[in-house]
Amino acid sequence: MKKLTALVLALVMCFGLVACGSTPAPSSTPASESTSQAETTNENFVDPVNGWDVYDELIDQIRTETDLEKRAEMMHQAEDILMETGAILPLYFYTDIYLQKDYLTNVYWTPFGYKYFMFAELGNGADTLHAYLASEPDKLDPALNSTVDGAILAINSFAGLFTYNADHEQIPDLVDTYEVSEDGMTYTFTLKDGLKWSNGEPLDASDFVYSWNRAADPVTASDYGYMFAPIKGYDEMTEMDAEGNLVNPDATLAVTASEDGKTLTVELSFPCAYFLDLCAFPTYFPVYQEAVEAADPEGTNPGAWALEGTDKNENFVCNGAYVLTAWNHNSSMTYEKNPNYHRADEVKIEKQEFMLSSDETATFAAYNAGNLDFSDGVPTAEIAGLQGNPEYHVIENLGTYYVSFNVNSPMFDGMSPEDAATLRKALALFIDRDYIVTNVGQADQVPAGSFIPAGCLDGTGKEFKNKDYFDPSAEAFESNVQEGIAMMESIGYKFDDNGMLSSETPLSFTYLVNTPGINVDVAVAIQADMAAVGIDMQISEMEWNVFLNDRKAGNFDVARNGWLMDYNDPLNMLEMWTSDSGNNDCQFGKPKA
């Protein structure tokens with residue numbers, strides 16, 4: 001494992017990257033006359049493109065550090081590095097809103113954004129739950145999904161070693177008993193008797209061996225593949241040579257099944273306090289090998305089995321409460337009760353119908369007309385009128401709504417890495433977060449001045465958040481704007497006496513956002529804030545799955561983003577930004593194409 005020293009972090013400065021851009025950058029001011037704020041104060045500054053291995057190595061150290069106090073300090077250092085890039089612009093800490101009819105009961109949720117419908121009951125005499133979660137899902141394969149709505153679908157159709165109950169407590173699911181070695185490096189899980197797939201075939205420990213190795217394999221290209229990093233063998237599986245080829249293509253995770261299939265043994269590379277949380281996460285769910293390989297014999301489309309042939313369990317084989325039986329793309333999905341689910345006697349509703357739409361006005365109308373029992377989302381214009389309505393729910397989430405910059409965007413043409421970071425941090429100061437949470441969000445969101453949300457624990461039992469990187473309050477907004485102007489002036493931009501950007505040094509960029517509803521409303525609010533200082537921000541709206549793929553590929557300047565934590569530890573929101581992470585939308589450590 002690579003090592004990182006405090007000396008390296010203290011010495012890392014500019015790596016000489018010059019980006020290309022669509023808007024001319026201002027002429028550089030001679031160093032003898034002016035030095036940017038980044039160059040004078042950023043002792044934690046790391047070049048987000050050519051020097052990002054420093055951050056990667058820090059995350060590697062955090063993963064293996066057993067001194068919890070030291071680990072917490074290192075995680076603070078990692079957040080400092082992220083925030084110094086200016087590429088992550090936090091807006092507010094999440095809450096979640098939804099509508100639920102009073103006759104629908106036993107739906108529960110976790111602070112990670114997941115909703116559990118498998119044990120719900122309908123008191124109106126119906127046998128079908130009608131619900132709305134989102135528009136067309138991007139991925140149904142639990143190893144490939146990286147969205148909250150996709151995770152909810154996975155949770156209701158797959159089962160893992162562990163799960164959560166209605167009290168947000170982690171509990172065994174497919175596990176009967178388990179043991180952890182004294183050094184915390186070996187987990188032994190004994191599975192329950194009689195486990196089956198939805199097609200009636202037996203499910204055993206070997207299915208986990210196959211599924212975890214598949215999800216961790218770089219060839220599968222799971223966005224969450226890095227979540228298998230605690231397991232011994234992961235480093236060997238993912239090691240690449242200088243040409244980008246796997247060094248050890250035959251390497252596997254240290255996960256073994258007993259001969260009778262009852263016992264799963266997992267060897268870790270280092271003690272991992274949140275390993276059981278990972279075992280409750282969809283990426284760790286098992287998938288049916290025969291169905292996966294039958295749909296993709298050439299190994300070029302890993303998720304094909306979960307996209308095609310969904311008639312009556314034919315290809316969509318699962319092991320959870322419900323089986324996908326019909327998918328009318330961009331319209332609806334039908335799930336039916338799985339009689340082979342190990343808790344089938346607790347499943348009361350025979351069928352689930354999910355409406356697929358990007359039009360929250362239409363889904364709101366459908367809910368009010370009685371065509372939906374549950375709607376996960378409310379049009380911004382309707383929120384005020386729902387206050388006090390017992391069917392309107394606001395729940396706490398552990399997560400942050402933020403804006404992400406592509407560090408390779410053409411908008412940073414001609415800038416040093418430090419000056420590009422200064423520009424991004426200046427833009428963050430122009431946004432009126434209090435206006436957004438008060439007039440757009442309207443659901444008790446809290447303006448955010450840090451990336452890791454309030455309420456996240458640091459591993460020692462204390463809250464991780466101990467500072468803001470800027471003051472996000474309404475009282476500080478005007479001074480923030482003036483500070484942002486000064487920062488832009490320090491790198492060569494010019495403003496007139498009215499605080500408007502001069503036509504001599506224009507700035508224009510496009511903000512990528514997915515429909516529907518509040519995301520566009522937030523974008524419009526940011527657009528107005530930028531226009532107030534003379535910056536031209538265009539808004540590009542996209543359907544959800546198209547938006548996800550463009551953002552992941554780096555086909556954007558600036559994009560709306562958000563992260564709900566998968567488990568309550570800061571590392572969950574820090575390791576997503578390593579160079580090889582599939583969730584690294586900012587393109588950290590990825591040279592410009």
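Start your tour at helix α5, whose buried residues pack against β4, β14, β15 (351-355) and α16. Packing here rests on contact, which means heavy atoms within 4.5 Å. Select residues 148-155 to see α5 itself: 7 of its 8 residues are buried. "Buried" means under 20% relative accessible area, "exposed" means over 50%, and "partly exposed" lies in between (1.4 Å probe, protein chains only). Colour the buried ones in α5, namely Asp149, Gly150, Ala151, Ile152, Leu153, Ala154 and Ile155. The helices (H or I, at least four residues) and strands (E, at least two) are DSSP runs, numbered from the N terminus.

Before you move on, remember that you are looking at a predicted model, where local features need pLDDT of at least 70 and side-chain atom pairs count only at pLDDT 80 or more, while totals for chains, interfaces and linings use all residues. Residues are numbered from 1 along each chain as its sequence is written, and side-chain values use heavy atoms, with hydrogens and water left out.

**Next stop: salt bridges**

How many salt bridges does the structure hold? There are 19, each one a side-chain nitrogen of Lys or Arg within 4 Å of a carboxyl oxygen of Asp or Glu.

Select Lys115 and Asp96 and zoom in on their side chains, which form a salt bridge of 2.4 Å, N to O. Lys115 belongs to strand β4 (residues 115-116) and Asp96 to strand β1 (residues 88-100), so this pair links distant parts of the chain, 19 residues apart. Lys115 is buried at 2% relative accessibility, and Asp96 is buried too, at 14%.

Now go to Arg551 and Asp585, another salt bridge, at 3.1 Å from N to O. Arg551 sits in helix α16 (residues 544-553) and Asp585 in the segment after α17, so the pair ties together parts 34 residues apart in sequence. Arg551 has a relative accessible area of 8% and is buried; Asp585, at 7%, is buried as well.

While you are looking at salt bridges, select Asp60, Arg63 and Glu575: bridges with shared partners join these residues into one network.

Asp569 is in the loop between β21 (558-564) and α17 (571-574), Arg71 is in helix α4 (residues 68-85), and 498 residues separate them. Both Asp569 and Arg71 are buried.

Select Asp207 in helix α6 (residues 205-216).

Leaving aside neighbours within four places in sequence, Asp207 is in contact with Trp197, Pro202 and Pro286.

**Last stop: two loops**

Most residues other than glycine have a negative phi. Select Asn106, where phi is positive, near 65 degrees. Asn106 is in the loop between β2 (104-105) and β3 (108-109), and is partly exposed at 42% relative accessible area.

Finish at Asn330, where phi is also positive, near 65 degrees. Asn330 is in the loop between β13 (322-328) and β14 (332-337). Is Asn330 buried or exposed? At 57% relative accessibility, Asn330 counts as exposed.
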